[in-house]
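Good morning, and thank you for coming.

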Amino acid sequence: EQHRKDFKLTSKKPPPYHVAVGQCTPACEKFHQVLSGYVREINVCLDGENHLRFAELLSGLLFEGLCAHFRGYKVSEGGAVILRADLSRHMEALDGLGLSGSATARFRSLKFISTLFLLAKPGLSDFLRHTAVPAPFTAAHALAYLKLRVDLSEKELHSLTVIVQLRNP
């Protein structure tokens, strides 16, 4: 089960489990095992167009689920590393499906969202000035995710809002 504070680590209160750099949460690992089992079964039982359609459907559902899941958490710098590890772990399971370019592009766009959490405050402005928000996300989505960062003040969010809206009209 995902813990409410899995992505909101502080130096005063460590997570309820050991986290090494690049290690995903226990909830993610359990989900990865289930998802990997589905991927193996899909690869064995389906072929051709059936395989392609089911793989696209599964990747779309996972993408939407992860977007909703990540919106439910406040994220600190340390938590962003764990969130990125969770995302990478989910993507590993889907790698075996041989997804189309559009499906892999959706997951690359999730990496953009996790980068919004990973970057230190001083680097955010430059990143947002030089990087367009990738589809299917919009400027509004990027701003909603930025609001989940625990380290940004209202003033900082306002200045980032201006940058995002100028770069992504």
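Let us start with S114, which lies in helix 4; helices here are DSSP runs of H or I with at least four residues, strands are runs of E with at least two, and both are numbered from the N terminus. Please note that this is a predicted model, in which local features need pLDDT of at least 70 and side-chain atom pairs 80 or more, while totals for chains, interfaces and linings use all residues. Residues are numbered from 1 along each chain as its sequence is written, and side-chain values use heavy atoms, with hydrogens and water left out.

Is S114 buried or exposed? S114 has a relative accessible area of 1% and is therefore buried (under 20%, with a 1.4 Å probe and protein chains only). Its side chain reaches the backbone oxygen of K111 at 2.9 Å. Beyond neighbours within four places in sequence, S114 is in contact with L83, R84 and L87, contact meaning heavy atoms within 4.5 Å.

Helix 4 (residues 101–118) also meets helix 2 (residues 48–71): their axes come within 10 Å and cross at roughly 15°. The two helices are therefore roughly parallel, the term for angles under 35 degrees. Helix 2 contributes E56, S59, G60, L62, F63, L66 and C67 to the contact, and helix 4 contributes S102, A103, R106, F107, S109 and L110.

Finally, the whole protein: it has seven helices and zero strands, and buried residues make up 41% of its 169 residues.

Notes:
Axes fitted to C-alpha atoms, helices over the stretch in contact; angles between N-to-C directions. Parallel < 35°, antiparallel > 145°, perpendicular 65-115°, else oblique. Buried < 20%, exposed > 50% of the residue type's maximum accessible area, 1.4 Å probe, protein only. Polar contact = N/O pair within 3.5 Å; in protein donor to acceptor, adjacent residues only side chain to side chain.
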